[in-house]
Amino acid sequence: MWSSKYLRSPLTRALLLNARSRHNDDPDRMQWYMCDTESLPAHLRPLFIQSHLDAGTQAFLRQCSEKSSWLFVQIYYSLVTSVFGFFMSKTSINGLLGRGSMFVFSEAQLLRLLQEGPDWRTGRMLDLGAGDGKVTSIMRPHVEEVYVTEVSPIMKWQLKKKQFRVLEIDEWQNTGFQYDVVSCLNLLDRCDRPLTLLRDIRRVLEPRKGRLLLAVVLPFQPYVENGGKWERPSERLEVSGDTWEEQVSSFSRDVLDQAGFAIETFTRLPYLCEGDLYNEHYVLDDAVFVLTPV
């Protein structure tokens with residue numbers, strides 16, 4: 001049998017590795033949700049919600065596997081990305097091609113984290129950095145009014161096609177009304193002024209019942225995409241620790257407490273992204289918090 005190390009062609013080698021991955025269930029998937037609660041501070045332990053690989057996540061992974069097997073489509077994607085990458089951001093290229101969708105949580109995982117039932121409804125929600133709107137669509141059935149923001153013009157176009165109310169990035173803070181839920185998913189590490197963003201969110205949340213749904217990739221490694229280049233943000237969040245649990249503890253103490261938020265619940269989830277010719281999907285470690293303004 002051919003071994004991938006002896007295949008000279010990168011394309012052939014990628015196809016072999018991709019085919020192998022379809023026949024082997026990833027044993028590390030259970031690690032996506034693991035948390036050593038004994039390593040957390042005592043006040044955080046009862047707030048942790050244990051999540052699992054559920055039907056919604058498995059459906060997304062199957063979709064990733066199917067798309068990754070579209071050989072000629074994936075080659076086309078690679079060529080377009082190589083050419084357009086000289087003058088467009090990767091986010092905009094993905095929006096143009098309709099690829100690279102993200103998955104943070106299923107509807108069941110969201111409701112469990114919010115400690116709400118399937119009939120839960122809320123009034124007004126703002127989703128910051130909504131991308132192509134796939135994650136926003138999971139929350140949409142439970143919200144009367146959904147507002148979104150996005151930097152990429154192509155992603156804005158995608159969001160308007162899905163009939164979301166798109167606000168400019170300097171508009172949502174000054175609409176004259178407040179939100180019952182603000183969603184800020186995996187944005188802090190790609191934002192130039194994360195401290196300012198947290199303060200603005202706290203100001204626009206409804207003070208009595210408002211909640212912030214915040215997802216953060218850990219370990220925390222902030223970079224800002226600027227004209228195809230990655231740069232350090234102008235505001236720095238101090239997050240320390242070697243393990244996921246240590247970083248959660250530091251983020252709670254050094255960021256959330258300072259920004260005026262209290263944790264209702266939190267969980268560990270995989271931050272999944274559709275893959276390409278070489279990988280069915282990509283995954284990062286997320287800490288997902290439900291927060292209330294103090």
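Predicted model: local features only at pLDDT ≥ 70, side-chain atom pairs only at ≥ 80, totals over all residues.

Q: Is Y179 buried or exposed?

A: Y179 is at 0% relative accessibility and therefore counts as buried.

Q: How many aromatic pairs does the structure hold?

A: There are nine aromatic pairs in the structure. One of them joins F177 and Y179: the ring centres are 5.5 Å apart and the planes stand at 75°, so this pair is edge-to-face. The reasoning needs one cut-off, since planes over 60 degrees apart count as edge-to-face.

Q: What is the geometry of the pair F266 and F289?

A: The rings of F266 and F289 have centres 5.8 Å apart, and their planes are at 25°, so the pair is stacked. The cut-off for stacked is under 30 degrees.

Q: Where in the chain do F266 and F289 lie?

A: F266 is in strand β9 (residues 261–274) and F289 is in strand β10 (residues 281–293). The two are 23 residues apart, and the pair links distant parts of the chain.

Q: Are F266 and F289 buried or exposed?

A: F266 has 0% relative accessibility and counts as buried. F289, at 1%, counts as buried too. The cut-off for buried is under 20% relative accessible area.

Q: Which residues do ring pairs link into a cluster?

A: The cluster consists of F48, W244, F251, F266 and F289, linked by ring pairs.

Q: Which ring does the charged end of K161 sit over?

A: The charged end of K161 sits over the ring of W157, 4.6 Å from the ring centre. In another case, R140 lies over the face of F164, with 4.0 Å to the ring centre.

Q: How many disulfides does a search of the whole structure find?

A: A disulfide is a covalent bond between the sulfur atoms of two cysteines. Here the search of the whole structure finds zero disulfides.

Q: What is the nearest cysteine sulfur to C273?

A: For C273 the nearest cysteine sulfur is that of C64, 7.6 Å away, and C273 is in no disulfide. With a relative accessible area of 17%, C273 is buried.

Conventions: Residues numbered from 1 in each chain as written. Heavy atoms only, no water. Phe/Tyr/Trp six-rings, centres within 6.5 Å; stacked < 30°, edge-to-face > 60°. Buried < 20%, exposed > 50% of the residue type's maximum accessible area, 1.4 Å probe, protein only. Helix = DSSP H or I, 4+ residues; strand = E, 2+ residues; numbered from the N terminus. Lys NZ or Arg CZ within 6 Å of the ring centre and 35° of its normal. Disulfide = S-S within 2.5 Å.
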